[in-house]
Every structure is written in C-alpha cells, then in structure tokens.
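Subject: Structure handover

Hi,

Here is the structure I promised to pass on. Please open it next to this message, and my notes follow below.

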Amino acid sequence: MSYSSHLRSGLRETDDSGPLSLLSDSEFRLFRDLIYEECGISLSLEKRAFLESRLKRRLDELGITSGYEYYRVITGPQGRSKELPALLDSLMICETSFFRNLPQFDLLREVVLPEIAARKEKCGTRMLRVWSAGCSTGQEPYSAVIALLETLPDRDSWTMRIVASDLSFTALERAQAGLYRADQLKGIDPRSVTKYFRRENEHYVVSDAVKKRVIFDYHNLKNDNGLRGLDIIFCRNVMIYFDAEEQRRLVSRFANCLLPGGFLFLGHAESLQGLSTRFAMVHRNKGIAYRLEG
Ligand SMILES: C[S@@+](CC[C@H](N)C(=O)[O-])C[C@H]1O[C@@H](n2cnc3c(N)ncnc32)[C@H](O)[C@@H]1O
C-alpha cells in the first residue's frame, strides 16, 4: 500500500495518537510541515491536541470526515487561496491587551521617542513610521498611537504612519472596528480613555483621531512586505511561536525595514540572543527594546 493510500484509508500507523485522535502521526507531520512552511509557526508534538481540536471544528463546518481529505482540500489549487488561510486564522493565538508590558511603553515614552524626535529634528523631518507586526485585535497599535500622541512635543506638527498587520482576518476585522468592552480597557490611564475613546452602549470605540493614524493590513510575517525607513517595529509575542531559524530570518528582515537607530520591541519572553548582532539592547527598569546599530 502506498503512503498516500495508506493515509487515505484512514488506517493509523502504530503511533502516539490516542484511539479518538483525528490524525495519525504521518498526518500530523503533514499538517505540521505545511503550517511551518506557510506561516513559520512551529507546532511541537505537545500542540497536537490543539491542532486537532481546531481542525475538528473546520472539518465539522465543512462536512469533511477525515484529516487527510481536508489536507487534500487545503493543498489543492482552490483550497490554497481560501481554506488554507482560514485554517491558519483558526490556529492563531490572539491574546493581547492595551499597554501590554507597561515598562516597554515607559521606555518608549522616556527614552525611545525623545531619541528619535531629537534625531528627526536634526534632519528637519517630522515623520514617524511605526509597524505593529502581529497586531492581533488592535490593542498594540492603538496603544502605540496614544503613547505617541501623549509624548511627542507639538504633536500636530508630526505625521505618524502606523502600519498594523496580522495573518488573522478575524483579528484584523476586530482591530479595524476598534470596539472594546470596558474590561478590555483596564491597562489604559482613565484620562486617556476619556480622551481617546467614545462610549457606544456597552462598548468603547477608539476615537477617529487615533484610528485614522493606523493602516491595517493582511500580511504573513514569512514574507517581506516591502516596508522600509521605519523608526519603530513592535513584534511582541509572535516570534515565540517560531523556531530559531524562522526567528533569525524574521529579525534579519526587520533590520532591513528599520532606519539605522530604529527600535525593535519584542515580547517579554523573547530576545535577540543568538539571532542577530546588528542590534544593541536598550533598557530602563524592566522595559527592553533593541536599537539597530548604524
Ligand atoms: C499573541 S498575539 C500578540 C499580539 C500583540 N503583538 C501583543 O503582544 O499583544 C500573536 C499574533 O501574531 C499573529 N501571527 C502569528 N503568526 C503570524 C505570521 N506568520 N504572520 C503574521 N501574523 C502572525 C497572530 O495572528 C496573533 O494575532
């Protein structure tokens, strides 16, 4: 029996899958390799139950009964453009919050922005370009805009371009709507809530003054999106899902996107150790960022 007919028959090899598991070991490897290839997310064996539960939901929705049949769908010509992105979306962990990792925002306000502003003053430009890479449901880029508006001297004389991208369509839709429950605003200074949000029934909506500064974009971090001349990149709590090889490629692309002296913010469990020597660590209290050396 060939490998693929073996899979098609639904037979399980002797493997680690339990009697109720959806995927055989070989099927798990097929999905794992495809997901890694497509979006850089590296699923270890411990993530198998997670993958199977997300797959099960898609299979039920589509009325498909076997993992291998679904694999054929997503790797077919039509599936690649439609169903595969939907599967990837369903696998994304979109946990986020406003002003997540506050010490980093303190560092942004107290060290990073004054340094960048002084540099810009010298060359007579008042343009700031920021990228929130893996922006999830928008809290990160909106926090960045609020911090910029609150920190930059003579803020109306500045042009701010904040690009916020993600691989999850569902997260991007929510980000674009900018609609949050009261409990989701708990990281924000109450004065900023009054200033930068308006109440709509049970929810709070990000004000137009903040929203208009953010451009949301569907983008897979496996690829270069062509952004150049950036001052700041936030890519926090995303790399943690990638293996070292993929992290190295990503950081090297980030270095190409930033201006010399530009800053990269990573998540609190992430670092550039072993990934790049092109950045210098900058820290204040518990806030850390990385400056691209000229
Ligand atoms: C845990 S959230 C982090 C959100 C935010 N950066 C923060 O720290 O609060 C991770 C985000 O990365 C996105 N993501 C994961 N892999 C990605 C990829 N290859 N390309 C683009 N976005 C990706 C997910 O969709 C998710 O929204």
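The ligand sits in the largest pocket. Keep in mind throughout that this is a predicted model.

**The ligand site**

There are 21 residues around the ligand. Those that come nearest are Thr96, Arg100, Gly134, Asp166 and Asn237.

Start with Thr96: an N or O atom in its side chain is 2.5 Å from an oxygen atom of the ligand. Cys39 uses its backbone instead, with an N or O atom 2.9 Å from a nitrogen atom of the ligand. Glu140 also faces a ligand nitrogen, and here a polar side-chain atom lies 3.1 Å from it. How much of the ligand's accessible area does the protein cover? On its own the ligand has 600 Å² of accessible area, and the protein covers 99% of that.

**The chain as a whole**

The protein chain has 294 residues, and 50% of them count as buried. Its secondary structure comes to 12 helices and 10 strands. The C-alpha trace spans about 70 × 50 × 35 Å along its principal axes.

**Helix α4**

Helix α4 covers residues 67–75. Its buried residues are Gly67, Tyr68, Tyr70, Tyr71 and Ile74. Where do they lie around the helix axis? They take up an arc of only 155°, so they are on the same side of α4.

Gly67 belongs to this helix. Its relative accessible area is 3%, which is why it counts as buried. For a sense of distance, take Gly67 and Phe265. They are 198 residues apart along the chain, and their C-alpha atoms are separated by 38 Å.

Ser21 sits in the loop between α1 (3–8) and α2 (25–39). Is Ser21 buried or exposed? It counts as buried, because its relative accessibility of 15% is under the 20% cut-off. A polar atom of the Ser21 side chain lies 3.5 Å from the backbone oxygen of Leu23.

**Two positive phi angles**

Asp154 is not a glycine, yet it has a positive phi of about 55°. Asp154 is in the loop between α8 (139–151) and β2 (159–166). With a relative accessible area of 54%, Asp154 is exposed.

The other residue is Asn201. Its phi is near 50°, again a positive value in a residue other than glycine. Asn201 is placed in the loop between β4 (197–200) and β5 (203–206). Asn201 is exposed, since its relative accessible area is 70% and the cut-off is over 50%.

Ala255 is part of helix α12, residues 244–257. Ala255 is buried, at 4% relative accessible area. Which distance separates the C-alpha atoms of Ala255 and Glu293? They are 9.4 Å from each other, with the two residues 38 apart along the chain.

Phe265 is in strand β8, residues 258–266. Its relative accessible area is 0%, so Phe265 is buried. The C-alpha atoms of Phe265 and Gly287 are separated by 9.4 Å, and the residues are 22 apart along the chain.

Thr277 is in the loop between β8 and β9 (279–284). Thr277 is exposed, with 80% relative accessible area. From Thr277 to Ser165 the C-alpha separation is 26 Å, across 112 residues of chain.

**In short**

Finish with the positive phi angles of Asp154 and Asn201.

Best wishes

Definitions and conventions:
Residues are numbered from 1 along each chain as its sequence is written. Side-chain values use heavy atoms; hydrogens and water are left out. Buried means under 20% relative accessible area, exposed over 50%, partly exposed in between (1.4 Å probe, protein chains only). Helices (H or I, at least four residues) and strands (E, at least two) are DSSP runs, numbered from the N terminus. The arc is that of the directions from the helix axis to the C-beta atoms. A residue is near a molecule or strand if one of its heavy atoms lies within 4 Å of it. A polar contact is a pair of N or O atoms within 3.5 Å; within protein, one must be able to donate a hydrogen and the other to accept it, and residues adjacent in sequence count only if both atoms are side-chain atoms. Accessible areas come from the Shrake-Rupley method with a 1.4 Å probe; for residues, only the protein chains shown count as cover. On a 1 Å grid over the protein atoms alone, a cavity is a set of points where a 1.4 Å probe fits but cannot get out, and a pocket is an open set with protein on both sides within 12 Å along at least five of seven lines; lining residues have an atom within 4 Å of a point. A molecule sits in a cavity or pocket if more than half of its atoms lie within 2 Å of its grid points.
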